Amino acid sequence: MREAIHDALGRAYATGRRKCSSARVWVFPGDGRVSVNGVSLVEYFRRASHVDEICQPFLTTSTSCEFDVKCTVKGGGLSGQAGAVRLGVARALQVYDPEQAALRDVLEAHPALGQHCDAVYGGAHPLLHTRRLVTAALI
C-alpha cells in the first residue's frame, strides 16, 4: 500500500530530469495554473510544442483543471527543460494520490511519460589522438 506524500501546504513534490535540465515540481489542488521559475507557463515557454509537452500528463489522466503546478527549472535548453517539467509533473501526480490506481496505471503505461534515455554526449576520449600528438612533438 502506497502512501501519499504531502508537505505542510498539501503539495506533492517530484523531480524531473532531461538531458542537462532538472526541474523541481510541486503539484497541489487548484484551477490549472502553471508557473515556471515564477513566470506563467506561456510566458516562459513560448513554443506551443513545449506547452503541449508539459500539459501531456494532465491530458493523459484527464485532470487538466484540477491541479496547480509550481516548478523551478535549471540547466539545458528550453526543450530539455520542458521535458524535465513534464516528467516532474507525471511523477508528482503519482505521488499526490498513489491510491488512485487508474491514475498511476495510465501514467506508468504511457511511453512518453517515462524518463528519456538520451544521454549527454561526453566527447572524445582524452587519449584518443595521443600517437598523433607524440609524433608531431618529435618533428
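The questions and answers below take up how features of this predicted model are classified.

User: What makes the count of disulfides 0?
Analyst: A disulfide needs two cysteine sulfur atoms within 2.5 Å. The sulfur of Cys55 has its closest cysteine sulfur in Cys65, at 9.7 Å, which is too far for a bond. Seen from Cys65, the closest cysteine sulfur is that of Cys55, again at 9.7 Å and too far. By this rule the count is 0 disulfides.

User: Why is Cys55 called partly exposed?
Analyst: The relative accessibility of Cys55 is 25%. Partly exposed covers what lies between the buried limit, under 20%, and the exposed limit, over 50%, so Cys55 counts as partly exposed.

User: Is Cys65 buried or exposed, and how do you know?
Analyst: Cys65 has a relative accessible area of 56%. Exposed means over 50%, therefore Cys65 is exposed.

User: How do you know that strands β2 and β5 pair, and in which sense do they run?
Analyst: Pairing takes at least two bridges between the strands. Strand β2 (residues 21–29) and strand β5 (residues 67–74) are joined by 8 bridges, and they run antiparallel. Within this pairing, Arg24 stands opposite Thr72 in β5.

User: What makes β3 and β5 a pair, and in which sense?
Analyst: Strand β3 (residues 34–36) and β5 share 3 bridges in the parallel sense, against a requirement of at least two. Val36 has Cys71 in β5 as its bridge partner.

User: Which elements does the protein have, and in what order do they run?
Analyst: There are 5 helices and 5 strands. Starting at the N terminus, the order is β-β-β-β-α-α-β-α-α-α.

User: How many aromatic pairs are there by the rule?
Analyst: The count comes to 3 aromatic pairs. One of them is formed by Tyr13 and Trp26, with ring centres 5.2 Å apart and planes at 45°. Tyr13 in strand β1 (residues 12–18) and Trp26 in strand β2 are 13 residues apart, and the pair links distant parts of the chain.

User: Why is the pair of Tyr44 and Phe45 called edge-to-face?
Analyst: The ring centres of Tyr44 and Phe45 are 4.9 Å apart and the planes stand at 80°. Planes over 60 degrees apart count as edge-to-face, so the pair takes that name. Phe45 is buried at 0% relative accessible area, while Tyr44 is partly exposed at 23%.

User: Why is α3 called largely enclosed?
Analyst: Of its 19 residues, 14 are buried, so α3 is largely enclosed by the rest of the structure. For the protein of 139 residues, 32% count as buried.

User: What share of the contacts joins residues at least 24 apart?
Analyst: The share is 74%, taken among contacts between residues at least 6 apart in sequence.

How values were computed:
Residues are numbered from 1 along each chain as its sequence is written. This is a predicted model: local features need pLDDT of at least 70, side-chain atom pairs count only at pLDDT 80 or more; totals for chains, interfaces and linings use all residues. Side-chain values use heavy atoms; hydrogens and water are left out. Buried means under 20% relative accessible area, exposed over 50%, partly exposed in between (1.4 Å probe, protein chains only). Helices (H or I, at least four residues) and strands (E, at least two) are DSSP runs, numbered from the N terminus. Contact means heavy atoms within 4.5 Å. Rings of Phe, Tyr and Trp (its six-membered ring) pair if their centres lie within 6.5 Å; planes under 30 degrees apart count as stacked, over 60 as edge-to-face and the rest as tilted.
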